[in-house]
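Hi,

Here is the structure for your files.

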Amino acid sequence: MSTPKLSTIVKATVDALAVAARNFIKPERITVYYPYEKLEYARMRGWIGLWTEKCTSCMLCARICPTNAIKMYPAPNTKRYPGIDYGRCIMCHFCIDICPTDALYPTPIKELAFYDYKEMIYTPDMEREPPKIQEPYKSVKVAIKYEGGIPKKVRLE
């Protein structure tokens, strides 16, 4: 293993001091001031909806779920429909991918909060209707972008 040259060490130290001095003079916060600012999740998957009229009760969704988060609930019409335990769900969406009739569908709802574990269990009746999202504030969408190796928070419009 070779030792780094003295010039490399000096340059790295000067670069680090320059970043510290820049943040001392003009501090720039890269954390998000939630709920006034919300990060744009480009590739994150969200809440799963259900169209019971399309569901054939094939149970493929329950079988493919890697965390056993899907339970089939009996309905009065002798069919069984999936319900999802969001305490176990890892949002892999394998259930949506394997559904032959597209009865399960993705939604853009990504921020869910629950008071206790019982609220995380969604029955088929609850899966039909997307959860109501309360927006107490008009939030601004932001993203973290790297410019020259330095993270910068930018507003998305």
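This is a predicted model: local features need pLDDT of at least 70, side-chain atom pairs count only at pLDDT 80 or more; totals for chains, interfaces and linings use all residues.

Residues are numbered from 1 along each chain as its sequence is written, and side-chain values use heavy atoms, with hydrogens and water left out.

The largest pocket has a volume of about 840 Å³. Its lining has 26 residues; closest to the centre are Lys-38, Glu-111, Leu-112, Ile-133 and Glu-135. A pocket here is an open set of points on a 1 Å grid over the protein atoms alone, where a 1.4 Å probe fits, with protein on both sides within 12 Å along at least five of seven lines; lining residues have an atom within 4 Å of a point. Volume is the space filled by probe spheres set on the points. The lining of the largest pocket splits into 16 nonpolar, two polar and eight charged residues.

The second largest pocket has a volume of about 200 Å³. Among its lining residues are Val-19, Arg-22, Ile-150 and Lys-152. Both α1 (6–25) and β8 (150–156) supply at least two lining residues each. Helices (H or I, at least four residues) and strands (E, at least two) are DSSP runs.

Sheet
Three strands form an open antiparallel sheet, ordered β3-β4-β6. β3 (70–74) and β6 (121–122) are the edges, each with a single partner strand, so one side of each lacks a neighbour in the sheet. Pairing requires at least two DSSP bridges. β3 and β4 (residues 80–85) pair over five bridges. Lys-71 has Gly-83 in β4 as its bridge partner.

Best wishes

Key
Ala, Val, Leu, Ile, Met, Phe, Trp, Tyr, Cys and Pro count as nonpolar, Asp, Glu, Lys and Arg as charged, and the others, Gly among them, as polar.
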